[in-house]
Amino acid sequence: MPAFALLKTHKYELFTLFFFMYAITITLNTLLITVISKEKSLHQPMNIFTGLLAINEIYGSTALLPAIMVLLLSETFEVAVKWCMAQVYFLHTYAAAEFCILALMGYDRYVAICHPLHYHTIMSNSRVGKLIALTILYPHLVFACYFSLTLQLRFCGRAMPKLYCVNMELVRNACSSVPYISIVGVVLIFLLVVPQLLMLVFSYFQIARVCQTLNKESQANALKTCAPHLLSLLNYTVGSLFEIVQTRFNMSHFALEARIFLSLYLIIIPTVTNPVLYGLGTHLVRIQILKLFIKYKILPAKITVAVTAG
């Protein structure tokens, strides 16, 4: 069944699904940001980086899901080129910023575990501010330089094999062949992947080295501290691999439903699971969220004792 036929047949079911996914994403990430910003005890670098990650999840899901819902309600399943270009920029910078933030969080865990006595000196307010500014600006500036090449093209094609716009698929619709964009894209991947990957490998190599000298209880605490970040990193890696495989290889032999799921994984799954991982997987954050639920009578007050004891 062609993609447009599947969408037309199940457009209202898909619209409802994406609407609830978007509502859940916004609710969970907003809750996490609110708790971290209001509770002074959570104003530590790792929690601040977690809030930054949650902001990026809202940014990415907003670039994707409302556009898909509008597309589903249309009769032609067409989108204007300028809106397609805007979505390309938003989605690519979301993915690039996600990896930068995860690399930054890995560095923070390295400092906390390997240099605990100097943690607050190394991760001072001034340095944290500079790291956040770099993490936000770097992926936007790097991708903007690359994307300026796409903006100069004229487009004759009208086919986009996904529910959203990505740069290489947009370039394939150009009126003339532009192989240099693919070459520059390799440089872009190097700039947006290699430095962050090296930081993550270095951070966890050092963490593993230090953990070998610790007792079992300290090792368990270190693992508990790193677990949400490692799971987020795994989620991002899986989603990125799905995206790379779909972009580079012929996936026509896969079921259409599977291809749609794989293409959406990188943006939908992490935006829902990350606030859960950091909200429930981080002890202090979990306590503050449950206290907030108790305060507004979402949960019974008798849970307070169990929460504060946990």
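Buried means under 20% relative accessible area, exposed means over 50%, and partly exposed is in between (1.4 Å probe, protein chains only). Keep in mind that this is a predicted model, where local features need pLDDT of at least 70, side-chain atom pairs count only at pLDDT 80 or more, and totals for chains, interfaces and linings use all residues. Residues are numbered from 1 along each chain as its sequence is written, and side-chain values use heavy atoms, with hydrogens and water left out.

**Exercise 1.** Find how many helices and strands the protein chain has, and what share of its residues is buried.

*Solution.* Start with the DSSP runs, numbered from the N terminus: helices are H or I with at least four residues, strands are E with at least two. The protein chain comes out with 12 helices and 0 strands. Next, go through its 310 residues: 43% of them count as buried.

**Exercise 2.** Find the salt bridges and sort their residues into buried, partly exposed or exposed.

*Solution.* Look for a side-chain nitrogen of Lys or Arg within 4 Å of a carboxyl oxygen of Asp or Glu. That rule gives 2 salt bridges. One joins D108 and R109, whose closest N and O atoms are 2.7 Å apart; both residues are buried. Another pairs E169 with R172, with 3.0 Å between the closest N and O atoms. E169 counts as buried because its relative accessibility is 11%. R172 has a relative accessible area of 48%, so R172 is partly exposed.

**Exercise 3.** Describe how helix α4 packs with helix α6.

*Solution.* Two packed helices are described by the angle between their axes and the distance between the axes. Here the axes are lines fitted to C-alpha atoms over the stretch in contact, and angles run from 0 to 180 degrees between N-to-C directions. For α4 (residues 81-114) and α6 (residues 125-151), the angle is about 145 degrees and the axes lie 9 Å apart. Now list who touches whom, taking contact as heavy atoms within 4.5 Å. Among the residues making this contact are M85, Y89 and H92 of α4, and Y138, P139 and F147 of α6.

**Exercise 4.** Place C156 in the chain and name what C156 is in contact with.

*Solution.* First, C156 sits in the loop between α6 and α7 (167-171). Its relative accessible area is 52%, so C156 is exposed. Leaving aside neighbours within four places in sequence, C156 is in contact with N173, A174 and C175. Finally, C156 and S176 are 20 residues apart in sequence, and their C-alpha atoms are 8.7 Å apart in space.
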